Amino acid sequence: MNSNSWVLVTGGAKRIGAFINQKFAKSGKNIVLHYHQSESAALALKVQLEAHNIKVVLWQADLADPASIEQRFRELLTQVTHIELLINNASVFEQGSLLETSLEQIQNNLNIHLTSPWLLIQAMTNQKIKQRKPCQIINISDANLAHLYTSKAAYFISKKAQETLTELAAIECAPNVRVNAIAPGFVLEATSVASTEENTQVSSQTKSQLDTRLDNKEINILQRQVPLADLYSAIEFLSNNHSITGQTLQIDGGSHLQCPSYMLNN
């Protein structure tokens, strides 16, 4: 990507998305800053990003309402005509077993994890066909999809469907569009990216509790949290290696090999 390139990270105003946007801004990339309801967080982050002398366009879109995505994306392209990287990062993580999950939860998870990313992939690919320019798409998956657990059934099933979306999109979107995914394990730092004092306190308590578990592998077999910097380095790797498509990189300390104990308790 060059200095005139734009990146779009869905759910980009908070947590992992905000961190990724901050790293992109430092590297000189212009940012489409997506948010749904987190306008205050988006505006605050916009100021931080613009301090790196890059351009930032705010894009409000409700990914739980896929019927609106095509129109919202068309409106975005009146401001930004050349998006080189889409990262489907937005997510919901709700409790609920398969037998207890409501229709609303099912639809919400499918819309955010599958339908809207699918529509954005279509929109990005159509844009690139018209422009005859290459681009790439990275979906943020979850390393713990390697294990079956029922306490978050709608999340698990919809994210598993996203895995198939990654592979099929890689086939159909080639050769000009590469589609890959990264699958983080337990990313402790994600709870502390938000700037509020309350979130920082919760993060500190969580870290204190988890530090005592590292020796018995309750996070992963490497007995270490996954730093956000490792997620970004995986994104950089996929961005720079033009021979990779249809792959999911596990950034998880090996938790896909052995189900972490904390997952069995949640």
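Predicted model: local features only at pLDDT ≥ 70, side-chain atom pairs only at ≥ 80, totals over all residues.
Student: How many residues does helix 5 have, and how far does it reach from its first C-alpha to its last?
Tutor: Helices (H or I, at least four residues) and strands (E, at least two) are DSSP runs, numbered from the N terminus. The expected span of a helix is 1.5 Å times one less than its number of residues, and for helix 5 this gives 30 Å. The helix comes close to that expectation: it has 21 residues and reaches 30 Å.

Student: Against which elements do the buried residues of helix 5 pack?
Tutor: Buried means under 20% relative accessible area, exposed over 50%, and partly exposed in between (1.4 Å probe, protein chains only). The buried residues of helix 5 include Ala 153, Tyr 155, Phe 156, Leu 165 and Cys 173. They pack against helix 4, strand 5 and strand 6.

Student: Which helices each supply at least two residues of the lining of the largest cavity?
Tutor: On a 1 Å grid over the protein atoms alone, a cavity is a set of points where a 1.4 Å probe fits but cannot get out, and lining residues have an atom within 4 Å of a point. The count comes to one cavity of 30 Å³ or more, with points joined across faces, edges and corners and the volume being the space filled by probe spheres set on the points. The lining includes Glu 94, Thr 101, Gln 105, Asn 109, Ala 153 and Ala 154. The helices that each supply at least two of the lining residues are helix 4 (103-131) and helix 5 (153-173).

Student: Why do the buried residues of helix 2 line one face of the helix?
Tutor: Helix 2 (residues 39-50) has Ala 42, Leu 45 and Leu 49 buried. The directions from the helix axis to the C-beta atoms define an arc. Seen down the axis of helix 2, its buried residues line one face because they fall within an arc of 70 degrees.

Student: Which residues are exposed on the other side of helix 2?
Tutor: The buried residues of helix 2 pack against helix 1 (15-26), strand 2 (30-35) and strand 3 (56-60). On the other side of helix 2, the exposed residues are Ser 40 and Val 47.

Student: Is Asn 53 buried or exposed?
Tutor: Asn 53 is in the loop between helix 2 and strand 3. Its phi is positive, about 60 degrees, although Asn 53 is not a glycine. With a relative accessible area of 74%, Asn 53 is exposed.

Student: What is the relative accessible area of Gln 223?
Tutor: Gln 223 lies in the loop between helix 6 (197-211) and helix 7 (228-240). Another non-glycine residue with a positive phi, Gln 223 has a value near 55 degrees. Gln 223 counts as partly exposed because its relative accessible area is 29%.

Student: What separates the C-alpha atoms of Leu 148 and Cys 259?
Tutor: Leu 148 is in the loop between strand 5 (135-140) and helix 5. At 79% relative accessibility, Leu 148 is exposed. Leu 148 and Cys 259 are 111 residues apart along the chain, and their C-alpha atoms are separated by 9.0 Å.

Student: With which residues is Gln 250 in contact, leaving aside its neighbours within four places in sequence?
Tutor: Gln 250 lies in strand 7 (residues 248-251) and is partly exposed, with a relative accessible area of 34%. Its C-alpha is 7.7 Å from that of Gly 185, 65 residues apart along the chain. Leaving aside those neighbours, Gln 250 is in contact with Ala 143, Ala 183 and His 256.

Student: Where is the peptide bond that is cis, with omega near 5 degrees?
Tutor: Pro 175 is found in the loop between helix 5 and strand 6 (177-184). The cis bond runs from Ala 174 to Pro 175.

Definitions and conventions
Residues numbered from 1 in each chain as written. Heavy atoms only, no water. Contact = heavy atoms within 4.5 Å. 1 Å grid on protein atoms, 1.4 Å probe; cavity = no way out; pocket = protein on both sides within 12 Å on 5 of 7 lines; lining within 4 Å.
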